[in-house]
Amino acid sequence: MKTKLNFFCIVLLILMIVGMVMAGFAGVNDFKQGYEDGMNDSGTSAYSIIEGLIIFACFIVYIYAFACYVRFILNVNHGEVFTWANVDLLKTVGWCIVVTTTVMCTAMSFDSINLLDTWSDAISVITDGIFILIMAEAFSIGLKLKEEHDLTI
């Protein structure tokens with residue numbers, strides 16, 4: 001059981017890394033275009049600065065969520081699968097993904113031409129975050145059942 005969970009965690013970690021790399025490569029042209037537009041623009045609005053700070057803060061939170069997920073995988077590798085620390089780590093990852101994606105896409109929606117493009121990828125990321133929260137709740141229920149079982153014996 002531990003090896004299957006470990007295998008799926010490693011596969012998910014690899015997919016997360018591949019997704020980040022692919023998103024980085026896909027955004028290179030947009031970054032370049034934005035940089036050129038910014039260099040040709042005569043002034044910077046306060047909204048642009050605030051939006052940039054929000055996106056940077058979201059990036060930092062995503063890195064924190066990734067670090068929490070790596071700690072979860074390390075705990076599983078050490079044989080600590082059903083612990084309250086893992087439940088807390090999974091809840092942290094899930095809420096970081098859901099809230100951060102919502103905040104970032106909301107900030108980007110104000111100057112977006114097409115809201116469908118802005119929110120189409122976000123919905124799948126938010127769904128992933130909710131799935132992780134469901135996993136955390138399943139771990140929590142399993143821990144409560146385990147504690148009740150330990151008390152009855």
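Leaving aside neighbours within four places in sequence, Tyr69 is in contact (heavy atoms within 4.5 Å) with Cys9, Leu12, Leu13, Met16 and Val93. The model is predicted: local features need pLDDT of at least 70, side-chain atom pairs count only at pLDDT 80 or more, and totals for chains, interfaces and linings use all residues. Residues are numbered from 1 along each chain as its sequence is written, and side-chain values use heavy atoms, with hydrogens and water left out.

Tyr69 also belongs to the largest nonpolar core, which has 17 residues. Such a core is a set of buried Ala, Val, Leu, Ile, Met, Phe, Trp, Tyr and Cys residues joined through side-chain atoms within 4.5 Å. Buried means under 20% relative accessible area, with a 1.4 Å probe and protein chains only. Tyr69, Phe72, Ile73, Leu90, Val93 and Phe139 have the most contacts inside this core. At least two of its residues come from each of α1 (2–26), α3 (46–77), α4 and α5 (115–152). In soluble globular proteins, nonpolar side chains tend to be buried together.

Cys96 lies in helix α4. Its relative accessible area is 13%, so Cys96 counts as buried. Residues up to four places away in sequence aside, Cys96 touches Val61, Tyr64, Ala65 and Thr101. Gly129 is 33 residues from Cys96 along the chain, yet their C-alpha atoms are separated by 7.9 Å.

The chain holds 5 helices and 0 strands. These are DSSP runs, numbered from the N terminus: helices are H or I with at least four residues, strands E with at least two. The order along the sequence is α-α-α-α-α. The radius of gyration is 19 Å, well over the 15 Å that the globule rule gives for 153 residues, so the chain is more spread out than a compact globule. This radius is taken over C-alpha atoms, and the rule is 2.2 Å times the number of residues to the power 0.38. The C-alpha trace spans about 75 × 25 × 25 Å along its principal axes. Buried residues make up 25% of the 153 residues. Of the contacts with a separation of 6 or more, 80% join residues 24 or more positions apart.

Helix α2 (residues 28–40) is hardly covered, with 0 buried residues among its 13. Its first and last C-alpha atoms are 18 Å apart, close to the 18 Å expected at 1.5 Å a residue. Among the elements, α2 has the lowest mean pLDDT (77) and α4 (residues 84–109) the highest (93). Here pLDDT is the predictor's confidence in each residue, from 0 to 100. The chain averages 85, and 96% of the residues score at least 70.

Notes:
Expected span 1.5 Å × (residues − 1). Buried < 20%, exposed > 50% of the residue type's maximum accessible area, 1.4 Å probe, protein only.
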